[in-house]
Amino acid sequence: MQAIPPSESLIEYPSDFPIKVMGPTHIDFAPTITVVVQKHDQDFHEGKMEVRPSAKGNYTGLTCTVRATSREQLDALYTELSAHPMVKIVM
C-alpha cells in the first residue's frame with residue numbers, strides 16, 4: 001500500500017477515532033475485542049467502548065474509540081479485527 005502524505009490525509013494524528021465492529025452476540029465478544037484493540041492502543045479500555053445489541057439480539061455492535069497515532073496503526077488494527085473469527089464487519 002502506498003503511503004498517503006500527511007497533507008492529503010483526512011485524519012489528523014493524533015486523534016480519537018471511532019471504529020465500529022459487529023459480530024454474533026456472545027458473552028466473550030466485547031472482552032475479546034477489547035484485548036485485540038489494546039494491542040494497538042495500550043490506553044484503550046471498556047469505558048471507551050459502546051455496546052449495542054441488534055434488534056433481534058443475534059448480533060452485537062461495538063464502537064471502539066481508539067487514540068489514532070498513525071495510518072499504519074489504524075491499518076494494522078483494521079486488518080487484525082477483520083481477520084478475527086468473531087468479527088463479521090469492521091467499519
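Contact, as used in these notes, means heavy atoms within 4.5 Å. The model is a predicted one.

1. Valine 21. Not counting residues up to four places away in sequence, valine 21 touches Phe29, Ile33, Thr60, Gly61, Leu62, Leu81, Val87 and Ile89. Valine 21 is also among the residues with the most contacts inside the largest nonpolar core.

2. The core. The largest nonpolar core has 20 residues. Besides Val21, the residues with the most contacts inside this core are Ile19, Ile33, Leu62, Val66 and Leu81. At least two core residues come from each of β1 (15-24), α1 (29-40), β3 and α2 (71-83). The element that gives the most is α1, with five residues.

3. The sheet. Four strands make up an open sheet, and their order is β2-β3-β1-β4. The pairing is antiparallel. At the edges are β2 and β4 (89-90), each of which pairs on one side only. In general, strands of a sheet pair through backbone hydrogen bonds, in either a parallel or an antiparallel sense.

4. Pairing of β1 with β4. These strands pair in the antiparallel sense over two bridges. Methionine 22 has isoleucine 89 as its bridge partner in β4. Isoleucine 89 is also one of the residues touched by valine 21.

5. Helices on the sheet. Helix α2 packs on the sheet and touches β1, β3 and β4. The direction of α2 makes about 10 degrees with that of β1. Helix α1 lies across β1, β2 and β3, and runs at about 20 degrees to β3.

6. The β2-β3 hairpin. Strand β2 (residues 49-53) is joined to β3 by five bridges, and the two run antiparallel. They form a hairpin with five residues between them. In the turn, glycine 57 has a positive phi of about 80 degrees. Proline 53 has threonine 60 as its bridge partner in β3.

7. Threonine 60. Leaving aside neighbours within four places in sequence, threonine 60 is in contact with Val21, Met22, Gly23, Pro24, Thr25, Phe29, Val51, Arg52 and Pro53.

8. Isoleucine 11. This residue is found in the segment before β1. Isoleucine 11 is partly exposed because its relative accessibility, 25%, falls between the limits of 20% and 50%. Apart from neighbours within four places in sequence, isoleucine 11 is in contact with Phe17 and Leu74.

9. Arginine 67, at 34%, is partly exposed.

10. Salt bridge at arginine 52. The side chains of arginine 52 and glutamate 50 meet in a salt bridge of 2.3 Å, N to O. Arginine 52 is exposed, with a relative accessible area of 53%, whereas glutamate 50 is partly exposed at 38%. Arginine 52 is also in contact with threonine 60.

11. Aspartate 75 and arginine 71 form a salt bridge through their side chains, at 3.3 Å from N to O. Both lie in helix α2, four residues apart, which is about one turn of the helix. Aspartate 75 is partly exposed, with a relative accessible area of 27%, and arginine 71 is partly exposed at 30%.

Terms used
Residues are numbered from 1 along each chain as its sequence is written. This is a predicted model: local features need pLDDT of at least 70, side-chain atom pairs count only at pLDDT 80 or more; totals for chains, interfaces and linings use all residues. Side-chain values use heavy atoms; hydrogens and water are left out. Two strands pair if DSSP finds at least two bridges between them. A nonpolar core is a set of buried Ala, Val, Leu, Ile, Met, Phe, Trp, Tyr and Cys residues joined through side-chain atoms within 4.5 Å. Buried means under 20% relative accessible area, exposed over 50%, partly exposed in between (1.4 Å probe, protein chains only). Axes are lines fitted to C-alpha atoms, for helices over the stretch in contact, and angles run from 0 to 180 degrees between N-to-C directions. A salt bridge is a side-chain nitrogen of Lys or Arg within 4 Å of a carboxyl oxygen of Asp or Glu.
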